[in-house]
Amino acid sequence: MRPENAVLFDRPEARRYPCRMVLDFIISAFVTLALVVDPIGLAPIFVGVTHGLTSRGRRSVAWRACLIAVLILIGAALLGDHLLRSLGISLPAFEIAGGLLLFWIAAEMVYGTRTERETKAAEQAVEEHIRIIAAFPLAIPLMAGPGAIAATVLLAGQAREPLLLAGLIGIIVAVCVATFIVFLFAGAIKRALGVTGNIVLSRLLGVVLAALAVQYVIDGVRVAMKGAS
């Protein structure tokens, strides 16, 4: 069954006013992805998971995470639905797995084990740590999580014309660039809080992140149970 909004492009006015329909699609897609990815909401989480890194390290994490998210979401737009169906993986299963892994990261933030490892790491280990946290949890599942992937697959299903699909890819890039800019300013928040403030914020955000992880699992289980009933 096609999404409800897909009929938007089958209406007679869509054929008479193609530019207007393209503009409507682009605005709708941008608002949807911006709300799902939520760059502003990710800023404090970025500060928490990069606690202990230098400014250069945080910049490296920011651009790596955004690049990975761009590639994942573009891949979802082009091949997402087909790939998930071929592998027999449902979006609820992806959401539950992401929630469980995210909970592990949150527990490390709450108990401070992540910070202890960072202070003892050598330069090579720090570089490896930067790559790891850029991929998880920032790129997956916070930026390109189940919600963003599901929204991208849905929007790609509506974008049956090459022009609309190209517009969707441009929107994905724009949202991730906006997230990167927000991450750069997150460093100023870190400096303003100081050492004690960052420790307190890291623990607090760990609890918030744990709640978000549990919500991912609950949402995935709820959708899976609806599908099974």
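**View 1. Thr-152 is buried, because its relative accessibility is 0% (buried means under 20% relative accessible area, with a 1.4 Å probe and protein chains only).** This is a predicted model, in which local features need pLDDT of at least 70, side-chain atom pairs count only at pLDDT 80 or more, and totals for chains, interfaces and linings use all residues. Residues are numbered from 1 along each chain as its sequence is written, and side-chain values use heavy atoms, leaving out hydrogens and water. Thr-152 sits in helix H8 (helices are DSSP runs of H or I with at least four residues, numbered from the N terminus). Setting aside residues up to four places away in sequence, Thr-152 touches Leu-33, Leu-73, Ala-76, Ala-77, Leu-168 and Ile-172 (contact means heavy atoms within 4.5 Å).

**View 2. Here helix H4 (residues 55-87) packs on helix H8 (residues 146-158) at an angle of about 55 degrees, their axes 8 Å apart.** Axes are lines fitted to C-alpha atoms over the stretch in contact, and angles run from 0 to 180 degrees between N-to-C directions. From H4, the contact takes in Ile-72, Leu-73, Ala-76, Ala-77, Gly-80 and Asp-81; from H8 come Ala-148, Ile-149, Thr-152, Val-153 and Ala-156.

**View 3. Now meet the largest nonpolar core, with 48 residues.** Such a core is a set of buried Ala, Val, Leu, Ile, Met, Phe, Trp, Tyr and Cys residues joined through side-chain atoms within 4.5 Å. Helix H9 (162-228) gives the most to this core, with 12 residues. Met-143 is among the residues with the most contacts inside the core. Beyond neighbours within four places in sequence, the contacts of Met-143 include Val-37, Cys-66, Ala-148 and Phe-183.

Terms used
Helices (H or I, at least four residues) and strands (E, at least two) are DSSP runs, numbered from the N terminus. Buried means under 20% relative accessible area, exposed over 50%, partly exposed in between (1.4 Å probe, protein chains only).
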